[in-house]
Amino acid sequence: TDSTRLKHEVEAAERVQQSQMPRVSPPIENWQVAGWTAQAKQVGGDFHDWFVTPDDRVLVTLADCLDGGFDAALCASALQASLRAFSTTTPLPAPLLQRLSQSLWTGSAGDLYAHLFCGLIEPNSGRLVYASAGNLGAILLSDGDWESLLKPSLALGIDPELQYPFAERFLRPGQ
């Protein structure tokens, strides 16, 4: 009975994780946002998210917490909630990453970390301001070509004083 109960709890946790992923593109004219996340195990620390900010910009994120399993799922859930809460007062990606890193560092015994990409899109101009922490990959696709956007850095939660650099691109239709 214990193994059956555990199996049901794992399945329920998997459903909760999947339900927290956005499924509908933000209602921004001429823009389409999509994402897909697969866990290494039934539950884990990977997620993507996006939402429209109060000033009609789109914040997009991709994260990988810890190394998978229930501890990673708990870390991811806390990170996603913090991301949504902090972005209302700190919408720019680089300061947002620093604030999230401080939150992970101060809220744990030093054993929580996360890799995170955060981009802020201004739909009217196509401007993308982004920052990342850790070792993630992101590419910009255009006209059969691609460009890597990220370089490895320290993950969130490792150094609470670390300043994460930002970069920007102007997205054209079709990118």
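Guide: Helices (H or I, at least four residues) and strands (E, at least two) are taken as DSSP runs and numbered from the N terminus. The model is a predicted one, in which local features need pLDDT of at least 70 and side-chain atom pairs count only at pLDDT 80 or more, while totals for chains, interfaces and linings use all residues. Residues are numbered from 1 along each chain as its sequence is written, and side-chain values use heavy atoms, with hydrogens and water left out.

Glycine 44 belongs to the loop that runs between helix 1 (2–19) and strand 1. With a relative accessibility of 1%, glycine 44 counts as buried (under 20% relative accessible area; exposed is over 50% and partly exposed in between, with a 1.4 Å probe and protein chains only). Its C-alpha lies 13 Å from that of alanine 78, a residue 34 places away in sequence.

In one of them, arginine 57 meets aspartate 55 at an N to O distance of 2.8 Å. Arginine 57 is buried, since its relative accessibility is 15%, whereas aspartate 55 is partly exposed at 45%. Arginine 57 also pairs with glutamate 122, at 3.8 Å from N to O. This second pair links distant parts of the chain, as glutamate 122 is in strand 3, arginine 57 is in the loop between strand 1 and strand 2, and 65 residues separate them. Glutamate 122 has a relative accessibility of 22% and so counts as partly exposed.

Arginine 169 and glutamate 147 form a salt bridge whose closest N and O atoms are 2.5 Å apart. Because arginine 169 lies in strand 7 (residues 166–170) and glutamate 147 in strand 6, the bridge ties together parts that are 22 residues apart in sequence. The two partners are partly exposed, arginine 169 at 25% and glutamate 147 at 33%. Salt bridges with shared partners also build one network, made up of Asp55, Arg57, Glu122, Arg127 and Glu168.

Aspartate 56 sits in the loop between strand 1 and strand 2 and has a positive phi of about 65°, although it is not a glycine. With a relative accessible area of 52%, aspartate 56 is exposed. Strand 5 itself spans residues 139–142, with isoleucine 139 among them.

Leaving aside residues up to four places away in sequence, serine 101 touches Leu156, Gly157, Ile158, Asp159 and Tyr164, a contact being heavy atoms within 4.5 Å.

Terms used: Salt bridge = Lys/Arg side-chain N within 4 Å of Asp/Glu carboxyl O.
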